[in-house]
Amino acid sequence: TLFRSVREAVEKVRVEMEEEKRQAVTKSMTNAQAETDRKCKQVKEKCKEEFVEEIKKVAAQHKQLISQTKKKQWCYNCEEEAMYHCCWNTSYCSIKCQQEHWHAE
């Protein structure tokens with residue numbers, strides 16, 4: 001009976017320790033998941049901020065390129081950048097293009 005009492009006490013301690021171990025593992029897993037979620041959120045926010053900044057830079061570059069493009073004259077015949085002004089709304093990139101256009105009309 002002493003042996004039985006010791007065995008029951010040992011079993012009770014073992015069960016208690018297993019429960020404590022289970023609780024500790026659960027708590028650790030919960031904490032680890034919370035930390036992972038927090039870090040993930042931080043990384044996502046940082047990526048989003050970097051993405052927004054990159055979009056702003058690209059949009060500014062695009063706006064500048066559009067502005068530069070609008071300020072140029074374009075060949076009526078081939079749509080390359082023109083350097084020969086002909087009429088109020090017609091320019092050509094070369095004499096060849098001017099002649100091709102005039103002969104086509």
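The following exercises, with worked solutions, concern a predicted model.

Residues are numbered from 1 along each chain as its sequence is written. Local features need pLDDT of at least 70, side-chain atom pairs count only at pLDDT 80 or more, and totals for chains, interfaces and linings use all residues, while side-chain values use heavy atoms, leaving out hydrogens and water.

**Exercise 1.** Determine where Arg22 lies and which side chain makes a polar contact with its side chain.

*Solution.* Step 1: Arg22 belongs to helix α1; helices are DSSP runs of H or I with at least four residues, strands are runs of E with at least two, and both are numbered from the N terminus. Step 2: the side chain of Glu19 makes a polar contact with that of Arg22, at 2.5 Å. A polar contact is a pair of N or O atoms within 3.5 Å; within protein, one must be able to donate a hydrogen and the other to accept it, and residues adjacent in sequence count only if both atoms are side-chain atoms. Step 3: between the C-alpha atoms of Arg22 and Trp88, 66 residues apart along the chain, the separation is 86 Å.

**Exercise 2.** Classify Thr90 and Val10 as buried or exposed.

*Solution.* Step 1: the classes rest on relative accessible area with a 1.4 Å probe and protein chains only: buried is under 20%, exposed over 50%, and partly exposed in between. Step 2: Thr90, in strand β2 (residues 90-92), is buried because its relative accessibility is 9%. Step 3: Val10, in helix α1 (residues 2-70), is exposed because its value is 53%.

**Exercise 3.** Identify the residues that Thr90 touches beyond four places in sequence.

*Solution.* With contact defined as heavy atoms within 4.5 Å, Thr90 touches Tyr76 and His85.
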